[in-house]
Amino acid sequence: MMGLEEHLLSMFRDDHEFHDGAGPSHLGKTAPKVEMKTETKPAIAEPVIVPKPSQPDLILWEGEAEAELKKIPFFVRGKARRNTEMFAHANGLPSITVETLYDAKAHYGR
């Protein structure tokens, strides 16, 4: 699998709009309904990362990290930015570096 494909799959894996049962969006309400077969997986408790409410907008992006973020396709860039900022808040980081961007990608790509 190519890097971009892997990145997109990991970013949209749990998104409610993108799943195997979703019909083509250009057909609107006339899209045929597709039955989804869901596999039940054992529940695994994972920690939930919640940004600290006391500092919601104080994360600074370093120049190199911002340039790296611009390499991500525009249609997932916002989600990548939000995920990276939530990761930085949860880990108490004052700024986002390229390493932080890749660490957040690895964290949310599981």
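Helices (H or I, at least four residues) and strands (E, at least two) are DSSP runs, numbered from the N terminus. In this chain there are four helices and two strands, and along the sequence they follow the pattern α-β-α-α-β-α. The model is a predicted one, in which local features need pLDDT of at least 70 and side-chain atom pairs count only at pLDDT 80 or more, while totals for chains, interfaces and linings use all residues. Residues are numbered from 1 along each chain as its sequence is written, and side-chain values use heavy atoms, with hydrogens and water left out.

Two values describe the chain as a whole. Of its 110 residues, 25% count as buried, where buried means under 20% relative accessible area, exposed means over 50%, and partly exposed is in between (1.4 Å probe, protein chains only). The other value concerns contacts, a contact being heavy atoms within 4.5 Å. Among contacts in the chain with a separation of 6 or more, 62% are between residues 24 or more positions apart.

Next come two of the helices. Helix α3 covers residues 74-90 and helix α4 covers residues 98-108. They pack at an angle of about 100°, and their axes are 9 Å apart. Here axes are lines fitted to C-alpha atoms, for helices over the stretch in contact, and angles run from 0 to 180 degrees between N-to-C directions. Angles under 35 degrees count as roughly parallel, over 145 as roughly antiparallel, 65 to 115 as roughly perpendicular and the rest as oblique. The helices α3 and α4 are therefore roughly perpendicular to each other. On the α3 side the contact is made by Asn 83, Thr 84, Met 86, Phe 87 and Ala 88, and on the α4 side by Thr 100, Leu 101, Asp 103, Ala 104, His 107 and Tyr 108. By class, this contact has six nonpolar, four polar and one charged residues. Ala, Val, Leu, Ile, Met, Phe, Trp, Tyr, Cys and Pro count as nonpolar, Asp, Glu, Lys and Arg as charged, and the others, Gly among them, as polar.

Thr 84 lies in helix α3 and is buried, with a relative accessible area of 3%. Leaving aside neighbours within four places in sequence, Thr 84 is in contact with Trp 61, Ile 96, Thr 100, Leu 101 and Ala 104. Leu 101 lies in helix α4 and also counts as buried, at 5% relative accessibility. With neighbours within four places again left aside, the contacts of Leu 101 are Trp 61, Ala 65, Glu 68, Leu 69, Thr 84 and Ile 96.

Finally, Ser 10 is found in helix α1 and is buried, with a relative accessible area of 14%. Not counting residues up to four places away in sequence, Ser 10 touches Tyr 108 and Gly 109.
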